[in-house]
Amino acid sequence: MGEEKWMKALVYEGGGRIALRQKKIPALQAETDAIVRVTLAAICASDIHIRRGAVPRAVPGVTLGHELVGQVVETGRAVRGVKAGDRVAVNVETYCGECFFCRRGFVNNCENPDGGWALGCRIDGGQAEYVRVPFADNGLTRIPDSVSDEQALFVGDILSTGYWAAGLGEIKPADTVAVIGAGPTGLCTMMCARLYGPSKIIAIDTDESRLRLAKEKGLADVVLLPGRDEIEARVRAESHGRGADTVFEAAGGTDTFELAWKIARPNAVVVVVAMYEEDQTLPLPRMYGKNLIFKTGGVDGCRCQEIMDLIEAGRLDASFLISHRMSLDDIVRAYDLFEEKADHVMKIAIKP
Ligand SMILES: [Zn+2]
Ligand SMILES: [Zn+2]
C-alpha cells in the first residue's frame, strides 16, 4: 500500500533529446488494456526520426519504443485473447477494431484517440521494463513455444511493414520486383515479396555490406550499387527492357523517390514505404503516359497472426537482422550507434 513501483524507461524529452529515466510502472487504465513485461525491444528508424524532431505528433515526455516482445503480467477484464504469463509480440499499432477504418483493415487510421501508431509516440512505448498496451486483443499476438523472442521481435513493426507493403505491390509469379533500400525495412519487404513468387528481386542500396547480406540470405537475386552500376539501364536489362513490374521505395533518400518511378515499367505499381523528412516532388509531365500506380503510407499492422504463422512454419525469419545486443542501460549509446549506422549495424536488440 502506497508503495510505488518504478522502472527504467527511455524518454523523449523533445528537441532532439532522449534520456533513460525512472518512471512509474504502468497500470491498467481500461478493461481492454494489458500490461506487458518487456523481454526484448528494438530501435526503429522512426525512433531516430522522433529524436531528430521530425515527427511533430510525438509527445515530449513519452517513453519511446514500438517494436518489442514480452510477457503479459496483467490483463483488463475485457481482454480475451491473451492471459498473464503468455509470451507476446506487441503490434506497433493500437486499434479499436470497430471504427470505420478498422472495419476495413485500415488500422493505421483508427479513429480512436489511442489508435494508429500511438505506442512510443503519443502514449508510452516499450523501450522500458513494462508497457501498457491498449486494445490488447488487437495489439498482442501470442508467440508459439517454437518461436524465439528474437524471431518474433519484428512481427509488430518492420515485418508487418514488409508484409503490408508486399501485399500492396500486386506481385504476380514471374514478376520482376525492385526494392530500393536494403536496410531492415527493405530486407523485410524483400522477404515478404518472396512469398508471392516473383522470378526476380533486385535490391538497390548505397551500402555494399547490406547488399551482400540481401544476396547471402537469398532475399535478392540481383544487387545494384548506385555509382558502380547504372541503375535504370541495369533494371531494364533485368526485365526484358521494360522496367520493374513492382517497385518498393524503402530508402527515403534524397533522390530515391525519383529513382523509384524511373525504374518502374509503364503501368507498374510503385509502393512508397519510406518515411521522408522532406517533401518529394511528383513530376507529372515527365511521367505522363507511363500510367503508374502509386501507393503510399504507414503500415496497417493487423496481419500479425499470419506473420507469426509464417515464422512458425519456417517461411519467414528476420532474426538475422539483429546485429547487436545491448542492455537497456546502454540504450542512449545504442541510439547513437544506430543513427550513425556504425559498425555495420542493422538492428539492435535491447534487453531490459
Ligand atoms: Zn518502427
Ligand atoms: Zn478503430
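**Entry 1**

I began with I202 and listed what it touches, leaving out residues up to four places away in sequence: T176, V177, A178, A220, V222, L224, V235, E238 and A244. I note here that the model is a predicted one.

Next I looked up the largest nonpolar core, which has 110 residues. I202 is among the residues with the most contacts inside this core, along with V36, A42, A178, M190 and A203.

**Entry 1: helix 11**

I turned to helix 11, residues 304-312, and found C304, I307, M308 and I311 buried. Where do these residues lie around the axis of helix 11? They sit on the same side of the helix, because they cover an arc of only 100° around the axis.

I then looked for what covers the buried residues of helix 11. The cover includes two strands, strand 5 (87-90) and strand 7 (140-142). It also includes helix 4 (149-152) and helix 5 (158-168). Just after helix 11 I noted G314, which takes a positive phi of about 80°.

**Entry 2: K262**

I located K262 in helix 9, residues 256-262. Is K262 buried or partly exposed? I counted it as partly exposed, because it has 16 C-beta neighbours inside 10 Å, and a buried residue needs 20 or more.

I also compared K262 with A174: they are 88 residues apart in sequence, and their C-alpha atoms are 21 Å apart in space.

I followed the chain to strand 12, residues 264-272. This strand is mostly covered, with seven of its nine residues buried.

I checked its pairing with strand 11, residues 244-249. The two strands run parallel and are joined by five bridges. In this pairing I found E249 opposite V272 of strand 12. Helix 9, where I had found K262, belongs with these strands: strand 11, helix 9 and strand 12 make a right-handed β-α-β unit.

How many bridges link strand 12 and strand 13? I found four, again in the parallel sense, with strand 13 covering residues 293-296. For V270, I looked up the bridge partner in strand 13 and found F294.

Definitions and conventions. Residues are numbered from 1 along each chain as its sequence is written. Chains are lettered from A and ligands numbered from 1 in the order in which they are written. This is a predicted model: local features need pLDDT of at least 70, side-chain atom pairs count only at pLDDT 80 or more; totals for chains, interfaces and linings use all residues. A nonpolar core is a set of buried Ala, Val, Leu, Ile, Met, Phe, Trp, Tyr and Cys residues joined through C-beta atoms within 7 Å. A residue is buried if 20 or more other C-beta atoms lie within 10 Å of its own, exposed if 12 or fewer, and partly exposed in between; C-beta atoms are placed from the backbone. Two residues are in contact if their C-beta atoms, placed from the backbone, lie within 7 Å. The arc is that of the directions from the helix axis to the C-beta atoms. Two strands pair if DSSP finds at least two bridges between them. A crossover is right-handed if, with the strands pointing away from the viewer, the path from the first strand over the helix to the second runs clockwise.
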